[in-house]
Amino acid sequence: MRTNRHIGHLVVGLTMVFVVSCSTPSRFIVTGLGYEPSETVESVIYALPQTGLKVRLTYQKDILIPGPYADYAQKMLGIEGVRKDRSEKYTIQIVLVEPYTEPDGKAFYTVNSLEGQPDIELMRRAESNKLILRGNYVTDTDIAVHSARKNDNGIFFKDVTMHSNVEMQEHTIYKTLITDTSFVRVPLTTQQMERKTLEKKAEEAAKLILEIRSDRYYLSAGLVDPLPAGFDLKAAMDGLDRLEEEYLSLFIGKSYSEEFLKEYYRVPEGSIAEERFKLDHFSASKGIVAAEGNPIELVIAPSGNSRSFKNLLPQEPEPDVYNRIYYRIPEICDVSVIHSGRTLCSKRTSIYQSGALISEKAGE
């Protein structure tokens, strides 16, 4: 009985050795897409990644609408330096550079199985490390412009006065009377309703501002005693502040801001030298306009970390070299956005297409 069990184990062991010894060895070769060998049994397509750069530029437009009483600000309130003309000013606020990854259209490869199966584990490891790409990868590369636009036609100076816009004016006219011997001019006084002059209305507004300041002083100093029941001092002070701000705007004007966001997508060529992209032109008086102002540039400067690999290793899959997967070591690059000699944003990031092609052998 023991002899039969021993013989059975021996037969199983010999069968496993036979299966292993008769299994087909794995042999595959990597070629460019479209150059597959005729003896290929099965193939898998993959792409090398390339790095794109998304630049997000936020800039602000500041608008000043002069007040109707700007000419009288110094005379009636002692405010100097008041702008009397409409002005617009643009400033760059925030610049961000974000790298993204997509397939390199010039680097699609085919893993061609000639015997057995290719080393899938090697490909999975390379894919998990984002050294190769398989499947569909879609990147949104639309240029987008977003703005919280406002229309300054909606800005009104409504609280121009607390009094009527017209007033009674007395005028002296002369009536000619005919007597028996001569003509006599007789003065007569008449009243007419007329619109107030701009200076008169500015004078009334300035007087009201001074009265508001006086009321605020008496309230804050506690000189109004007793206060009415349920009187909210803070609400009253806030109301006076808002009222004064509205009336002051008649002299110093009103201002508001618009914020714009613009996005740019650029893909570096992968040169070993510095690359520069002109994104737009920016002017402090016009904002982003074509061919006006100084250019906004995206600058990519490779550090050279992959240069030695490029010099020592072939940069295309080699013919008659089997069981190797090809991928890139990315180049470390300094990326910056520059305008008028000023660096708006800078970062260090990996650029795949600037790197070097290397290979890894299956089973290593």
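Residues 24 or more positions apart account for 78% of the contacts in the chain with a separation of 6 or more, a contact being heavy atoms within 4.5 Å. The structure is a predicted model, in which local features need pLDDT of at least 70 and side-chain atom pairs count only at pLDDT 80 or more, whereas totals for chains, interfaces and linings use all residues. Residues are numbered from 1 along each chain as its sequence is written, and side-chain values use heavy atoms, with hydrogens and water left out.

The secondary structure comprises 6 helices and 12 strands; helices (H or I, at least four residues) and strands (E, at least two) are DSSP runs, numbered from the N terminus. Of the 364 residues in the chain, 35% count as buried, where buried means under 20% relative accessible area, exposed over 50% and partly exposed in between (1.4 Å probe, protein chains only). The chain exposes about 22,500 Å², of which carbon and sulfur atoms supply 52%; accessible areas come from the Shrake-Rupley method with a 1.4 Å probe, and for residues only the protein chains shown count as cover.

Confidence is expressed as pLDDT, the predictor's confidence in each residue, from 0 to 100. The chain has a mean pLDDT of 82, and 80% of its residues reach 70 or more. The lowest confidence is found in helix H1 (residues 2-22), at a mean of 40, and the highest in S10, at 95. Over residues 1-23 pLDDT stays under 50, and the model has 0 contacts beyond four places in sequence for them. Residues 140-151 also have pLDDT under 50, but 27 such contacts beyond four places in sequence are present in the model. Where pLDDT is low, the predicted coordinates should not be read in detail.

The largest nonpolar core has 23 residues, and those with the most contacts inside it are Val55, Val95, Leu298 and Val337. A nonpolar core is a set of buried Ala, Val, Leu, Ile, Met, Phe, Trp, Tyr and Cys residues joined through side-chain atoms within 4.5 Å. Among the elements that give two or more residues to this core are strand S2 (42-65), strand S3 (87-115) and strand S10 (294-302). A second, separate core of 20 residues includes Ala202, Ile212, Leu248 and Phe251.

Helix H4 (residues 198-220) contains Glu204. The helix has 23 residues and reaches 33 Å from its first C-alpha to its last, close to the 33 Å expected at 1.5 Å a residue; the expected span is 1.5 Å times one less than the number of residues. Its buried residues include Ala202, Leu208, Ile212 and Leu219, and their cover includes helix H2 (73-77) and helix H5 (233-252). Glu204 is buried, with a relative accessible area of 15%, and its side chain is joined to that of Lys196 by a polar contact of 2.6 Å. A polar contact is a pair of N or O atoms within 3.5 Å; within protein, one must be able to donate a hydrogen and the other to accept it, and residues adjacent in sequence count only if both atoms are side-chain atoms.

Met237, in helix H5, is buried at a relative accessible area of 18%. Beyond residues up to four places away in sequence, Met237 touches Arg216, Leu219 and Ser220.

Two non-glycine residues with positive phi lie in loops. Asn323, with a phi of about 60 degrees, is found between helix H6 (307-312) and S11 and is buried, at 17% relative accessible area. Ser340, with a phi of about 55 degrees, lies between S11 and S12 and is partly exposed, at 46%.
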